[in-house]
Amino acid sequence: MGWRGCGGVVMATVLALGCTRRVDEQVRDAWGGATRPPSAGSEQAAGDGEGAGGQEGEARSRVGWDRVDEILDGAFAEASVGTDDEVMARLADRWCASEPSPLSRADGIVRVCRPDPPVEIDGQSFSLELGGEGVIGLVARGLSAEESSRLAEEARRRTDRWCTQQWTPPLDSPRPPDAPRLHTCVVEGSALLTVGNFFVGEEDQWQVSVVVIDAS
């Protein structure tokens, strides 16, 4: 499966990839508020045993990088065959603590929520972002340059096992100490994994993004 050529800006990473999605009536209904309320989603998860990693009890026991692995496993499974807004709505029902909030980005509408169970690494909380140009991402904001660099480096190290090709650019590429850094690699099924840390221009705050982009 190859990449189809078309442009777009992926989240705050300024990564031009992805294609415009077909949105049918079912999809519009899903993002128009027809998804289950948070309590109903939790009840279903408890009843049918489905969560981000299978058994709900198992999912809630995972913390830290194990929780990141759990979400990425699910993201790669979806992204390897392509996503649309209906898929994103289903993932929001499965992973979000409450109804996600829409944010308008250059690459389309992105839905943002706090994951349930939460994703916390070294005291930093990650939000979940779904939508745009086939994006499933974890984002930590409000970091110092040093914190973002350290966290992004650890994220690349821990996610490297999914890469079927080397990171682009190579991880040892020279750069100024406080410069933004964005690395991508192709994973099985031709989905793309992107890990980056960026200055967002707000009170010297940086962010770290771990993003899966679908293969379509």
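Helices (H or I, at least four residues) and strands (E, at least two) are DSSP runs, numbered from the N terminus. The views come from a predicted model, in which local features need pLDDT of at least 70, side-chain atom pairs count only at pLDDT 80 or more, and totals for chains, interfaces and linings use all residues. Residues are numbered from 1 along each chain as its sequence is written, and side-chain values use heavy atoms, with hydrogens and water left out.

**View A. Salt bridge between glutamate 146 and arginine 150 in helix α6.** A salt bridge is a side-chain nitrogen of Lys or Arg within 4 Å of a carboxyl oxygen of Asp or Glu; by this rule the count comes to 7. The N to O distance in this pair is 3.9 Å. The two residues are 4 apart in α6, separated by about one helical turn. Glutamate 146 is exposed at 60% relative accessibility, and arginine 150 is partly exposed at 46% (buried, under 20% relative accessible area; exposed, over 50%; partly exposed, in between; 1.4 Å probe, protein chains only).

**View B. A salt-bridge network of Glu154, Arg157 and Arg158.** Arginine 157 meets glutamate 154 at 2.7 Å, N to O. Both residues lie in helix α6, 3 residues apart. Arginine 157 is exposed, with a relative accessible area of 54%.

View C. Glutamate 129 is buried at 1% relative accessible area, whereas arginine 141 is partly exposed at 40%.

**View D. The hairpin of β8 and β9.** These strands pair in the antiparallel sense over 6 bridges (pairing requires at least two bridges found by DSSP). Threonine 184 stands opposite threonine 194 in β9. Between the strands are 5 residues, and glycine 189 in the turn has a positive phi of about 90°. In β8 (residues 181-186), 5 of the 6 residues are buried.

**View E. The largest nonpolar core, with 39 residues.** Such a core is a set of buried Ala, Val, Leu, Ile, Met, Phe, Trp, Tyr and Cys residues joined through side-chain atoms within 4.5 Å. Phe126, Leu128, Leu151 and Leu193 have the most contacts inside this core. Helix α4 gives the largest share, 7 residues. Leucine 193 touches residues including Phe76, Trp167 and Val210, not counting residues up to four places away in sequence (contact, heavy atoms within 4.5 Å).
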